[in-house]
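Hi everyone, thanks for coming.

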Amino acid sequence: MAHGPEGRRRSVTIHDVAREAGVSRGTVSRVLNGGHYVSPAAQAAVDAAIRRTGYVVNRHARSLITGRSDSVAFLLTEPQERFFEDPNFNVLLRSCTQALADRDIPLILMIAGTEGERRRNLRYIQAGHVDGVLLVSSHSGDPMADLLREAGVPVVACGKPLGTAARAKVSYVAADDRDGAREMVRYLYASGRRRIATVAGPADTPGGVERLAGYRETLTECGLPVDEALVAVGDYSRASGEAAAELLLERAPDLDAVFVASDLMAQGVLDVLARAGRRVPEDVAVGGFDDSPAAPASRPPLTTIRQPWDRISAEMVRVLLARIAGEDPAAVILPTELVRRESA
């Protein structure tokens, strides 16, 4: 803080930073607005002066000049209870918040699980309160991506939008769901399992479609029949994993492995197997997907496919900031990784 004429502490201004750095006010302004046409030496001097003086950007004043809010929305189009139940959402939110904090950009959490919430959030976004949207919208038919795009709002989706037309219009960052499923099924097959069931995600989600396709392709590749009695569908919740496991045991009591399309559903599968007296992995091997906090907390700890959440978050932020800057839509597919634990 600087001091006024009567010794009162006043806010540090851009003029104070310029004087401390030994540069012009215009140079400081260019640094604060992205560093364009600033030499490395001047950039370093301004950064050091900002740290020494404790200067804080007046975002409201800057927004009047730039026409930008200098904030970004994290928009989850799921019911509120899913946000608290599914650990993946919390991991993604935390990682995106950190990636933006590194650039001194605030993140606003919005949840739009109902039509009314969608309308209110869309009005807020269209009013210019955020510069862009990180959209976590897993179900096809969700109108938010199209509504935001039509409103001219930069948006990046988490996960591959379903349909060729949708993918061409919206930037997205996704893990390679199909390849991850293939790796898990190959691993179960290599460990001697031959009656490999699956609990797939919903058919209107990218993960549901891609992971089920990878499962079926790999069974065929390994010379195993694709038996629809070994396929059940859940909604990514633990309860749906329990219901799917009960159905699978009723249809195919001789199953010896289950590939589950999310760790949370896999916890439900483990619960049912324990109640049925099936030992894991001796009688039935179980593999999940995500490597969320639910995986190591499972009993036994869950073998799973790791989605690189930190990289997904960093890429979503990078692509969104590029869109805000006027660049064309982009797609990023990131590799997954098999994580071996005691369940398989």
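Let me start with a definition: a crossing of two helices is left-handed if the near helix is turned anticlockwise from the far one by less than a right angle, and right-handed if clockwise. What we have here is a predicted model, in which local features need pLDDT of at least 70 and side-chain atom pairs count only at pLDDT 80 or more, while totals for chains, interfaces and linings use all residues. Residues are numbered from 1 along each chain as its sequence is written, and side-chain values use heavy atoms, leaving out hydrogens and water.

Helices (H or I, at least four residues) and strands (E, at least two) are DSSP runs, numbered from the N terminus. Two packed helices are described by the angle between their axes and the distance between the axes. Axes are lines fitted to C-alpha atoms, for helices over the stretch in contact, and angles run from 0 to 180 degrees between N-to-C directions.

So how do H1 and H3 pack? Helix H1, residues 14-21, meets helix H3, residues 40-53, at an angle of about 120°, and their axes are 8 Å apart. That makes H1 oblique to H3; under 35 degrees counts as roughly parallel, over 145 as roughly antiparallel, 65 to 115 as roughly perpendicular, and the rest as oblique. The crossing of H1 and H3 is right-handed. On the H1 side, the contact (heavy atoms within 4.5 Å) is made by Val17, Glu20 and Ala21. H3 brings Ala45, Val46, Ala49, Ile50, Arg52 and Thr53.

Now to a loop. Aspartate 290 sits between strand S11 (285-287) and helix H14 (294-297). Is aspartate 290 buried or exposed? It is buried, with a relative accessible area of 3%; buried means under 20%, exposed over 50%, partly exposed in between, using a 1.4 Å probe and protein chains only. The side chain of aspartate 290 has a polar contact of 2.8 Å with that of asparagine 88 and one of 2.7 Å with that of glutamine 307. A polar contact is a pair of N or O atoms within 3.5 Å; within protein, one must be able to donate a hydrogen and the other to accept it, and residues adjacent in sequence count only if both atoms are side-chain atoms.

Last, some backbone. Most residues other than glycine have a negative phi, and most peptide bonds are trans. Aspartate 291, in the loop between S11 and H14, has a positive phi of about 55°. A cis peptide bond joins arginine 299 and proline 300, with omega about 0°.
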